[in-house]
Amino acid sequence: MMLSTVKPGTIATVAALATNNDAIVKKLLAMGIYPGVEIELERRFPSYVIKIGRSRAAFDQQIAHYIYLRPCDC
């Protein structure tokens with residue numbers, strides 16, 4: 001499932017970064033978003049805000065389309 005399709009409050013594990021754009025991949029990795037990391041979607045508007053451990057990251061819907069998730073084992 002894509003991050004852009006889940007509801008706020010969802011906790012999931014990043015399964016894949018579905019883009020070949022190196023700049024976007026580097027940006028996501030710098031924010032701590034990579035396959036295997038657990039995230040929580042806090043809000044979707046006006047921008048997507050996710051919680052990663054004790055940190056938070058914000059980005060637009062276009063970036064959210066590149067992040068694929070799988071249900072969390074938590």
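A residue is called buried when its relative accessible area is under 20%. This cut-off is a handy starting point for a walk through the structure, which is a predicted model. At 8% relative accessible area, I63 falls under that limit and therefore counts as buried. I63 sits in helix α2, which covers residues 61–64. Leaving out residues up to four places away in sequence, I63 touches I24 and L28. V37, by comparison, is 26 residues from I63 in sequence, and the C-alpha atoms of the two are 17 Å apart in space.

S4 gives a second example of a buried residue. The relative accessibility of S4 is 5%, so S4 is buried by the under-20% rule as well. S4 is found in the segment before β1, a strand that spans residues 11–17. With residues up to four places away in sequence set aside, the contacts of S4 are R44, Y48, A64 and H65.

In soluble globular proteins, nonpolar side chains tend to be buried together. In this model, the largest nonpolar core has 20 residues, and those with the most contacts inside it are L3, I33, I50, F59 and I67. Two or more residues of this core come from each of β1, α1 (22–30), β2 (38–43), β3 (48–52), β4 (55–59), α2 and β5 (67–71).

The strands come next. Strands of a sheet pair through backbone hydrogen bonds, either parallel or antiparallel. Here, 5 strands form an open sheet with antiparallel pairing, and their order is β4-β3-β2-β1-β5. β4 and β5 are the edge strands: each has a single partner strand, so one side of each has no neighbour in the sheet. On average, and with direction ignored, neighbouring strands of this sheet are turned by 45° against each other. One detail to look for is K51, whose bridge partner in β4 is R56.

P46 lies in the loop between β2 and β3. The peptide bond that joins F45 and P46 is cis, with omega at about 5°.

Note on methods: Residues are numbered from 1 along each chain as its sequence is written. This is a predicted model: local features need pLDDT of at least 70, side-chain atom pairs count only at pLDDT 80 or more; totals for chains, interfaces and linings use all residues. Side-chain values use heavy atoms; hydrogens and water are left out. Helices (H or I, at least four residues) and strands (E, at least two) are DSSP runs, numbered from the N terminus. Buried means under 20% relative accessible area, exposed over 50%, partly exposed in between (1.4 Å probe, protein chains only). Contact means heavy atoms within 4.5 Å. A nonpolar core is a set of buried Ala, Val, Leu, Ile, Met, Phe, Trp, Tyr and Cys residues joined through side-chain atoms within 4.5 Å. Two strands pair if DSSP finds at least two bridges between them. Axes are lines fitted to C-alpha atoms, for helices over the stretch in contact, and angles run from 0 to 180 degrees between N-to-C directions.
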